[in-house]
Structure formats: structure tokens, C-alpha cells
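Opening the notebook on this one.

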Amino acid sequence: MSEVTTHTRPITIAILAMGGQGGGVLSDWIVNLAEHSGYLAQTTSVPGVAQRTGATIYYLELFPAEAAQIAGRDPVLALMPVPGDVDILIAAEFMEVGRALQRGLITADRTTVIASSHRVYGITEKTAMGNGIHDPEPIRKNATIAAKRFIHFDMNATAEANGSVISAVLFGALAASTALPLSREAYEAAIRRGGVGVEPSLKAFSAGMEQAIAEPVTAVPDDPLANQTTNARVLELLDRIQTRHPEQVRRNAQEGIRRMMDYQDTEYAEHYLERLERIIDLEHANGGASHDYQLSAETARYLALWMSYEDTIRVADLKTRSERFKRVREEVKVKNDQITYVTEFMHPRVEEICDTLPSGVGNWIMRSPRVCRLLGRLTHRGRHIRTTKLTGFFMLYTLAGMRRWRRKTLRFTVEDKRINAWLERVEKLIPDDPKLAIEVIECQRLVKGYGDTHARGWRSFETIMRVLDRHSDRPDLPAQVRRLRDAGLEDEDGKSLELLVNELDQFPDRAPVLASSRD
């Protein structure tokens, strides 16, 4: 056997991408690049149907044509990546790096990993009752250790900024990595030979190459105070936060003010601060400084979320904003000479209709089964509203404009009473059990969305509050409330919470659960 065939092995490349991310285009570019640079190339793909829109593994092997000629025969190339034998791994979304780690496709002695750090959330992350988003940091740390070289930055943002798709940026990062011993000119020539979207792709390729060469930059979250405003009352509120609130609370309080202004108006933002400051003052009077004002910081966060509850007015407002239409056009890659139609699927329940009406009228309808049935028959099929046509747009725009009367609606009256009761319960707990007060504050996580989602969350919240009252003498009540809250966030039908409530009620004298590190 020739010596060159004994020591020559193919360059192996695995590309992990989802539908619409251009994994096939990237694969074609690499094959084109290789074949015009003296390599024999083979590519296969295995489409996936799980997760988001279906992750696909594209696998390529590149073998020097000269080595095959010397051996007098073509090489036998593999169809799928093998653990421990991947030279280059390219991931178009960050969690795909985690899957590659699980499969053993990344090894420290061989694999160059090129990945976009942005996230496309999976179905389980989006539908979780609580925060179902997976933390990418463990993957980042493990990939840094496991890979020979790890290149990662937000390649999706780079692609959007350059009017192209992520595959072009990934191709640029591959060129910058020098994992393939080929020139930049060869990469660019492959894009040109592709013949589709050449100029935007070359621009994104260049940007990707430059970013991959540069040192990674850690993004700093925007400061709400950095956004200049000419509203004197808002400036007064922001100054009030800076001068009166503990440092640990300011960031959340500033974001709360921004959210209240976006949701309602300055008066509502001031009401938010008044509520928050009641908790701050109470915590301060009961040794809040020694606890880093954790209760006040969490109240600032969850109070803002509850006070900006989702109702039909809010939904209509978000669906008619200009930035939403801009985002839709960008997502579907609309050209300037193309027309886009956006159809909204609206299916309001009788409850949502009544919630938008004045409190007295809404209550009257809800107490009348006959009127409820009539409304139900009129609305049960729902409506398809095209917001890119005048009639559909103005229908939702008019509904969004009703936010000036939101304080008179049935939903506002109900939510306002619930928020007050929640805060009053917390205020009573602060002097004797601040840890329990924090757990009650965090129970707001259950109350989210609108329609059936909101109704289920509110039932879970009420269930936990009733258990809290029934077992108020338990020494481990903070830990138990946390367990109940986690159970309520675990599934939509409330089965986990029901099981835990039954356990607590049947065995009230059972030994306390072990306290978590926060206790």
C-alpha cells in the first residue's frame, strides 16, 4: 500500500443547522470550494423532525485528489460523523453545540468548533409555565474545554446587519479559523459560483471573517437610564429611584418604569413606584440591608410584570406596532418590490370580551348566562384579521387606543384588587418571616398570559395561597411554598401541584423538607 494512503485521512466536517438557516447552502459552498481546490468531496444530510423546525446534520468529507491518484483508486468516505473523528463542527444555533458534545463529536485534540451564540428557543422552552429557557453557560464552558478551538459570537445578528443569512457568516468564520488550508479568495469564489444573493453573502462573509479573527466582546445590557427622555415627570421618577432606592433595587425599578410607560402612562408608572416603595420601606425597617434588599428587588421585578398584565388591549397594541411589521418583513426576507400580508388569528373568549368593557357592564354580562351564551355563539369561530389591510388594521388600532380607558375596564378592576391583596399579604409577612414574603412575591410567576393560560395560572396561585393559610404554623413554610410554586410551573393541567397539595394536607406533621441554599 502507498505511504500516502496510509497516512492521509479525509477532512471531516459536521454542520448542525435548523430549517431555514441555510445549512444546505453552506454545505454546497464547502463542496464547491473543495472541488475547485484539489479535493474530492462527499456530502450527506440527515434531516431531523424534533425541536423547533427540525435540526439537520450535514456531513462532509474532503479527501485530497492527488492522494487518490497516487493510490490509484477513489477513497471510501463515510456517510455520518463518528465520535472522536470530526475535524470541524459548525453549529448554526448554540444549543446544537450541546447536542454535539453529547454525541462525542467534539474532541480537544482535533475539533475546531464554529458556532453562533444566539438562541432559537425550543418548543419545551417556549411552552414552559415558568422560565423554561436552558442556560447556555454550561455548554459554553464545556465546549471551551472540549474543543481544540472554539469560535463563537452572535452570527445571526451579524447576518441580519448585513442583509444576508447566517450561512454566509458561518462560512466567513470557517475561513478565519484556517481549519481548511485555503485562501480567502477561494472562499469568495465559491460564493460567486453559487450565483444566488452573491453581494449580500460576500458582505456577510467578510463581516463573519472579521469578527471571528477579532477578540470576542461581551455584550453589556442596556441601561434604561441611557435612553434620553424629555418627559419631566419620567425624569423625576428616575431621579427618585436613584436617590431613594437601594442600589440593589434600582436596575429592576428603572426597567419597571420603562415597562409602565410603554404599557400605560406616567401616572401608572408613579403608582408602580408608590407600591414598590411601601415594600422597600418595610424591608428597610426590618433589617433589609442585611439581606441585600432581595425582597425589594424581586418585588420591583414581579410587580412590574403583574401591573403590565396581558389583556386584549395590550395584544392589539403589540400587533399594530410598526416595529412588528418591520420584524415580520425581515423574518420572511421580503424584497422592496414585494407585498406582504399578515393575518392575525383572533379567538377571544366571552371572558376577554367582558374584561375589555367597563367594569359594571362586564360584570352584568358575566352574571347573565343567556347573554354569555349569545356572545359565545357569535365569537366561538374566531376571526382572521389582516392587519396589512386598512379595515383589519384600524379594527385592532382602535382596540389598542382603548388603553386610555383601561382603568375603567373590568379586567383592570379585578387585577388591581388582586395585586393589592398580594402586596398586603407580603407586607404582613415582612416583620416575622421575610423569607416567606420573598416566596409569595415570586408566586407571581404563575400569573401570566391571557385567556386559558392566565386562568390556569391564577387557579394555581390561589391554590398556593389557600395552602399557605391552612399551614401557616409550619416551620418550613418558605420551602413548601417554593415546592408548590415549582409544581405549579411544572405542567399546565396542575396535576403536579394537586398531588403536592394533597400530600401536605394528608400529612401535615411530616418532617420538614430540607431547606435550599437560599434558606
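Which residues line the largest cavity? I'm working from a predicted model here, and I read the lining off as Glu310, Asp311, Thr312, Glu352, Asp355, Thr356, Arg411 and Tyr450.

**Entry 1, the cavity.** I searched the whole structure and got 1 cavity of 30 Å³ or more. Its space comes to about 40 Å³. I then checked which element gives the most to the lining, and that is helix H17, residues 350-356, with 3 residues.

**Entry 2, the helix pair.** Two packed helices are described by the angle between their axes and the distance between the axes, so I looked up both. For helix H22 (residues 434-442) against helix H24 (residues 477-490), the angle is about 15° and the axes are 8 Å apart. Angles under 35 degrees count as roughly parallel, so I noted H22 as roughly parallel to H24. The H22 and H24 crossing is left-handed.

What does H22 bring to the contact with H24? On the H22 side I listed Lys435, Leu436, Glu439 and Glu442. On the H24 side they meet Leu477, Pro478, Val481, Arg482 and Arg485. By class, I have 5 charged and 4 nonpolar residues in this contact, with no polar ones.

Note on methods. Residues are numbered from 1 along each chain as its sequence is written. This is a predicted model: local features need pLDDT of at least 70, side-chain atom pairs count only at pLDDT 80 or more; totals for chains, interfaces and linings use all residues. Side-chain values use heavy atoms; hydrogens and water are left out. On a 1 Å grid over the protein atoms alone, a cavity is a set of points where a 1.4 Å probe fits but cannot get out, and a pocket is an open set with protein on both sides within 12 Å along at least five of seven lines; lining residues have an atom within 4 Å of a point. Grid points are joined across faces, edges and corners, and a volume is the space filled by probe spheres set on the points. Helices (H or I, at least four residues) and strands (E, at least two) are DSSP runs, numbered from the N terminus. Axes are lines fitted to C-alpha atoms, for helices over the stretch in contact, and angles run from 0 to 180 degrees between N-to-C directions. Angles under 35 degrees count as roughly parallel, over 145 as roughly antiparallel, 65 to 115 as roughly perpendicular and the rest as oblique. A crossing is left-handed if the near helix is turned anticlockwise from the far one by less than a right angle, and right-handed if clockwise. Contact means heavy atoms within 4.5 Å. Ala, Val, Leu, Ile, Met, Phe, Trp, Tyr, Cys and Pro count as nonpolar, Asp, Glu, Lys and Arg as charged, and the others, Gly among them, as polar.
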